[in-house]
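Biologist: I would like to go through this model with you. Shall we start once it is on the screen?

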Amino acid sequence: MSLSVCLLSAEVAPLSKTGGLADVAGALAKDLVAAGHDVRLFTPLYASIDRSQFPMRPVDGLQHVPLQVGPHHYVISVVTTPLPGSDALVYLIDCPVLFGRPAIYTTDPDEHLRFLAFTRAVLAVCQRVQWSPQILHCNDWHTAFGPLFIKALFEGAPLFARTRSVLTIHNIGYQGVFSATAVADLELGPKTYMLHQDELRAGKINPLRHGILYADAITTVSPTHALEICTDQYGMGLQDSLRMRRDALTGILNGVDYHIWDPRNDRYLPEHYGPDTLSVKAGLKRALIERLGLTVPVTAPLAGMVSRLAAQKGIELMFDALPQLLEWRDLGFVALGSGEPKYERFLTELAQRFPGRVAFRRGYDDELSHWIEAAGDMFLMPSLYEPCGLNQMYSLRYGTVPIVRRTGGLADSVQHYDPQSGQGTGIVFNDFNSEALEWALNMALDLYAEPAQWQRMVRNGMAMDFSWEKQGEKYVEIYRRLTTDR
Ligand code: ADP
Ligand code: GLC
């Protein structure tokens, strides 16, 4: 039986993206729609969304609708655009005072309010069109107040009486904490007691914690990370609430949208390849080396990285490991990303110190990210924590050996290669220190020097299948359990 699902996400690829949340929201919606479910995917209409590329159509009856959020008054409109490559529709909440800013996320004082208003707007739209979704699926801190709003603001309302809520935690490192002085923005009135009282007394409100406390089901994006976030090491202060709700918590590994991320049909590549046409990959490597002005021979191994430059991504492990390795061994390195200045500085200086061998492109570049996946021999993800991670799964399909730390989704998707048995898909190291990363890189370079071993590992990886058809079904199982558990 088909389910009705209201999906809320602060980012949706290809409209708006800073990281994996966007890829996952778009791909999950596509997959659920393809499986016959009634999915409406809501996201804010940011100024950065290119309206010439994504034609917007106003929704009748949802234009210039007043929206009250605590003491604040807004006017919202709703437009839709088809999600490229799918029958799914994206519903965009248009409210220029909130979303007409240069970036998706801001450090403006009303950041919490932008996403509270977005969440409230979605519920208001459901009310206005009298749509009673069976599932309200919220993602990350931005929409984590959805479950509490349903329980507190709409208690007894027939429209949401049968709605069950799911919160997916993509990144527990971002919790959206704001000052308790803004408590009126939640409009909870006498239900303010439903807020986490200790935190409130300490002057803080933590959206992600309230999602954890009130969602009917909680998911995170890999089985290993579901275990990790209940520990003091990885819980980021939310471990107590997560342990309390352990029975409601499931880890579901993200899928890969192979219509977008597969070298057999990648729209950014001039030539396509698969496991039987790896010579094409070698040609793409040559082309990227030339394009980036590198002088490393095409026979030397080329390592790549595409990443938000945040502490989460383990860039600091490279501070010692990479210069050492570049001094001693033959390799090229290509990095794309932006973020914290100290990491950008490190990569800029690395490129200056090893001209012709290291290229750093600062910024966000979709096309180049596909090229790095295709042209590289190896891909670095030494993350401190990684709820799922997508690039290691993309890398596997592109025949680009992932070098990852054993955490979260990296542990669940990459199997350490064993030269004896020929089993395994990448290089996996355990400890979060530069010696461990160096060990992993040395092992990769040694294997690269043995073409038979390398080819075996590359092919093992290319044969892996992380398609959404399998992963989406796991969400559907949870939705079904919730809608029948009454
Ligand atoms: P996270 O969501 O923590 O950033 P993921 O591995 O889940 O990590 O997803 C990152 C996504 O963002 C991938 O699709 C990756 O290619 C993309 N990405 C990250 N940085 C950049 C960049 N500078 N340019 C283009 N794409 C990027
Ligand atoms: C995040 C996580 C990443 C995950 C992505 C999509 O931002 O950092 O590991 O793949 O969300 O779920």
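Biologist: How many residue pairs are in polar contact between domain 1 and domain 2?

Modeller: This is a predicted model, where local features need pLDDT of at least 70, side-chain atom pairs count only at pLDDT 80 or more, and totals for chains, interfaces and linings use all residues. Residues are numbered from 1 along each chain as its sequence is written, chains are lettered from A and ligands numbered from 1 in the order in which they are written, and side-chain values use heavy atoms, with hydrogens and water left out. The domain assignment, which is automatic or from a database, gives domain 1 (4-255 + 468-485) and domain 2 (278-462). A polar contact is a pair of N or O atoms within 3.5 Å; within protein, one must be able to donate a hydrogen and the other to accept it, and residues adjacent in sequence count only if both atoms are side-chain atoms; between the two domains, with both residues at pLDDT 80 or more, the count is 11.

Biologist: Which helix supplies the largest share of the side of domain 1 that touches domain 2?

Modeller: Helices are DSSP runs (H or I, at least four residues), numbered from the N terminus. H1 (20-34) and H7 (223-228) each give at least two residues to that side of domain 1. The largest share, four residues, comes from H7.

Biologist: Which residue has a polar side-chain atom 2.9 Å from an oxygen atom of ligand 2?

Modeller: Ligand 2 is surrounded by 14 residues (a heavy atom within 4 Å). The side chain of Asn171 has an N or O atom 3.3 Å from a ligand 2 oxygen. The 2.9 Å distance belongs to Gln312.
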